[in-house]
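Here are some exercises to work through with the model open beside you. Try each task before reading its solution.

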Amino acid sequence: MECEPAYADVLAARELLAGLLPVTPMWSYPALDEVTGATVFVKHENVQPVGAFKVRGGLTLLAGMSPAERARGLVTYSTGNHAQSLAYACAAFDAPCTVVMPASASAEKVRAVRALGASAVLHGADMAAAQERAEELAAGGRGHLVSPGDTPALLAGVGTAYVEIFEARHGLDAVVVPVGSGTGAAAAGIVAAELAPGCRVIAVQSAAAPAAHDSWRAGRCVERPDKTAVEGLATGRGFVLPQRLLRARLAEFRLVSDEQIVAAQRLLASHAHTLAEGAGAAALAAVLADPEGFAGQRVAVVCTGGNASAAEIAALGGGAWPVR
């Protein structure tokens, strides 16, 4: 089992990232506050160089590796944003990178991974099949296998976003974090315990892919059907490392429907001038789903990514939500 990262690891990651990534903005929007009945601060991780928060983890991982480890190359599996993160980091540190993606991965994300110089291997119907193929490639000498959920350096890296959040806004009542593998919410718990112990960390996942939610409630990692159209939340199992941290620090774990996520995407576009992919709108969807619970509160919602597919963008204009 990988070691459990601590707040000191997040601070170390912040030092590593200081010359590589700027602080991302966090804004409030009066029109959005009026609709939600809360004071909502949107953390704009959608403006990262790969359009998502995960780049923080990828760069932290590569920056901490030796030249020999980098030369060996890395192999991972992902529906998109983790893939782009690792591809971007490997390009920055001149390391070979292979990413196995489900055959249903969006053409935009596959193209982005390849444009960054990584090898994108399309395999299988879901993340489980992609993981199996990645493990085979790593065992065959293609490179070091990187789990998107159970790699401490990735978790420490994404934790730097929450240092920025709590330094920028004091007195937050809650921070709401979308969950795929759970690294973001787990990292939020680590940082909140140090900088904002009175702030509730609330995780949110699609009800159509509730593996992380159900793992947290069960107290052990479980598998669940993955039927969501939201690529960034499309995981069929819990990950051991983030689940252990979530059980220790998470205040609540909520589920929202894919339809509620689409509504939140539209609201971010119209009221906050923000293009969010589905996962990036899930936190706001959770706030919209419970207006009484968040009324009058100061809430940070993390827009984890802006890599919306062409189908998602079309759906924002009233078209049908894409079906996987």
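**Exercise 1.** This is a predicted model. Find how many cavities of 30 Å³ or more it holds, and work out which residues lie closest to the centre of the largest cavity.

*Solution.* Start with the count: there are three cavities of 30 Å³ or more. Next, take the largest cavity, whose volume is about 270 Å³. Its lining is made up of 25 residues, and those closest to the centre are Lys 54, Gly 180, Ser 181, Gly 232 and Leu 233. Finally, look at the elements around this cavity: helix H5 (81-92) and helix H10 (183-195) are the ones that give two or more residues to the lining.

**Exercise 2.** Classify the geometry of the aromatic pair formed by Trp 216 and Phe 253.

*Solution.* The structure holds one aromatic pair. The ring centres of Trp 216 and Phe 253 are 5.9 Å apart and the planes meet at 45°, so the pair is tilted. Now place the partners: Trp 216 belongs to helix H11 (residues 211-218) and Phe 253 to strand E9 (residues 252-256), so the pair ties together parts 37 residues apart in sequence. Last, check accessibility: both Trp 216 and Phe 253 are buried.

Methods:
Residues numbered from 1 in each chain as written. Predicted model: local features only at pLDDT ≥ 70, side-chain atom pairs only at ≥ 80, totals over all residues. Heavy atoms only, no water. Phe/Tyr/Trp six-rings, centres within 6.5 Å; stacked < 30°, edge-to-face > 60°. Helix = DSSP H or I, 4+ residues; strand = E, 2+ residues; numbered from the N terminus. Buried < 20%, exposed > 50% of the residue type's maximum accessible area, 1.4 Å probe, protein only. 1 Å grid on protein atoms, 1.4 Å probe; cavity = no way out; pocket = protein on both sides within 12 Å on 5 of 7 lines; lining within 4 Å. Points joined across faces, edges and corners; volume = space filled by probe spheres on them.
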